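Welcome, and thanks for taking a look at this model with me. Here is a short report to read alongside it.

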Amino acid sequence: MGTLIEDGPFNLAVVPEKHCLAARLRHDSFVGELDISQVTTIDDIDVPVVKGDFNALPLKVRQFVAKTVNKCTPRGIWICDGSPLEVQEIREKMESRGQFHRLNQQKWPNCYVCRTDPLDVARVEGKTYVVTDNRYESVPHVKEGVKGILGNWMSPEQMKQEMTGRLPGCMKGRTLYVIPFSMGPVGSPLSKIGIELTDSNYVVLSMFVMTRVSPKIWNILGDKDFVRCVHTLGAPRPVENIISHWPCNPERIIIAQYPEDRMIISFGSGYGGNSLLGKKCFALRIASSIARDEGWLAEHMLIMSVTNPAGEEKFIAAAFPSACGKTNMAMLESSLPGWKVKCVGDDIAWMRFDKHGRLRAINPEAGFFGVAPGTNRKTNPIAMETLKSNTIFTNVAMTEDGDVFWEGLEKYVDMSKKFIDWKGRDWKIGQEGKAAHPNSRFCSPASQCPIIHNRWEDPEGVPIDAIIFGGRRPEGVPLVYESFSWEHGVMVGAALKSETTAAAEFKGKQIMHDPMAMRPFMGYNFGDYLQHWLNINKPDRHMPKIFHVNWFRLDEQGNFMWPGFGDNIRVIDWICRRCNGEEIAQLSPIGLLPTPGSINTDGLDKLDMEGLFDLPKDYWVEDIRETRQFLDDQVGEDLPTTIQKELQQQQERISAM
Ligand code: GTP
Ligand code: SPV
Ligand code: MN
């Protein structure tokens, strides 16, 4: 049995009974002794409200806050309104405590640098769990003896134990902030509401940028459900030995997603996706599970529009693993004359088919949390323009006179100045160690992006013409190829691999599988996820074409063979022409490759185009063998037969090369 819920202009979705509100919150990891059904006013809890009107909150929010307060025992409750005044107040507090370093405000209005504890610099995938009653709801049936890497599952009982060992008193001496936020435009039928409770002021200010925080949420909440997000630094006061004024508890980090309860609890880390719970935890892990139930997609994808010199606009969604070029592509400045790029989103896409069978995408976020190193006026002038004001920089370096610095800005900053590195120490060019952490980030409002699309907040979403997968593939993988069909395209996504980056805890460079660029962000069984992708292909729908790109192939000297960045428009041009049905593709065992000369290389220095499209047989024989083994081992019986068939056929084509 299911319940019909109206969700958006596009469809009525049947939600399985187990995911309905009445059945929720069974996995109550932090229920305290207090009977929360009794909580109706502030008089029922003994923590003062520092700001806001607790009694005016919807009852279910009061109960959620009360429960958390009871368990985590903060010293006060602060109900956020996201107003400029509030931002200023919190910012000033952080500055006076040494948590925020002011940049030159003439040059960088309202911009600050924040440094973290060096043990808290990236997402921690190994400590991130999906919690469901049934293990196979969360992760696939791996082959015996294989360690699954497509998500970590934990039982509700065990997670309750983990949380019981961490949460009691974890906010002692800190303020608990209540952040009401919307993923997607406030009030849009495609949007979802979350409430994040956090004891980190850095998280508050970052959430104000990354999501839409507004007191309007309280009014539209009505009988809608919301995603319950609890975040704590896990560092109750008094704390000794705080490094860089960044309290955290790296040894005890744990991040729990409860898709059945639409709940997230994150302990111990203040950084990025670990703590800005609207982002990966909600908009990908929880949302992908909601999306499966409701017949849509929540993906780790940028959304962009490109308009060719003839004025024809297309929308593209592209999935690359973390730190593999989404932000750069979403803000691409074309090196070909006459092309216009507009940005809709740089990291996450929520997509569903409308009643005309078009796939429509919205960006659920309101800001960019972008990789700083490598960003400069040449590689990404649009990002440089976007981050000029109202930006929180994390783990970048500074100059003595209040400029920011990171690797990649050497040509744009006076290098004779004194530098302070991301750990707060003196730094000089040429010395060992980087000035900025490789995963240092800027956090800027998307509305400041000079090429933000005028429809970026359109509640209907934008119509997607092409989907692109890609990763860092130093060897063997061509610049671009097109899949033969939707099914083959899903297989190409499932086979996605990339060199590891600094966005998570992995050390060294290794080629790792990252299916659909979602490995760290899956909210449910990856086999079911692939089947869901296959299921959405219906005859009355305009299925986008699926492509694969690789900007990162290296030559024998270890240099990038392709100039990348603004020149990626040349590949996008080919993709758009393919969407228009131009006959500029030829068969290969792995997909359709551009016919010679069909990629516009006008004005480029001599390039080894042949090398960029070379398919070394040995490489691909091994690649498909290894990929099949990986999916066999990791997804096992959950791997859809359609994907197995596609893999089999791909292997046969490669053997016959
Ligand atoms: P997340 O925010 O972690 O999801 O990363 P992302 O996918 O948005 O990656 P981003 O665009 O921030 O790029 C990461 C790094 O890759 C930066 O250092 C870029 O300079 C570099 N990069 C991006 N595009 C290209 C390209 O076309 N060629 C080369 N060589 N490097 C690129
Ligand atoms: C990523 O790692 O893919 C990011 C940064 O976009 S974080 O928000 O930390 O997940
Ligand atoms: Mn990302």
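What does the accessible surface of the protein come to, and what share of it belongs to carbon and sulfur atoms? The accessible surface is about 25000 Å², with 49% belonging to carbon and sulfur atoms (Shrake-Rupley method, 1.4 Å probe).

This is a predicted model, in which local features need pLDDT of at least 70, side-chain atom pairs count only at pLDDT 80 or more, and totals for chains, interfaces and linings use all residues. Residues are numbered from 1 along each chain as its sequence is written, chains are lettered from A and ligands numbered from 1 in the order written, and side-chain values use heavy atoms, leaving out hydrogens and water.

Some overall values come next.

| Property | Value |
|---|---|
| Box of the C-alpha atoms along the principal axes | roughly 75 × 70 × 50 Å |

The protein has 16 helices and 35 strands (DSSP runs: H or I of at least four residues, E of at least two).

Now to the metal. Lys280 (NZ), His300 (NE2) and Asp347 (OD) coordinate the manganese ion (ligand 3) at 2.2 to 2.4 Å (donors are N, O and S atoms within 2.8 Å, or 3.2 Å for Na, K and Ca). Lysine 280 sits in helix H8 (residues 278–294) and histidine 300 in the loop between strand E15 (297–299) and strand E16 (302–307), so the pair ties together parts 20 residues apart in sequence. Both lysine 280 and histidine 300 are buried (under 20% relative accessible area, 1.4 Å probe, protein chains only).

How values were computed
Buried < 20%, exposed > 50% of the residue type's maximum accessible area, 1.4 Å probe, protein only.
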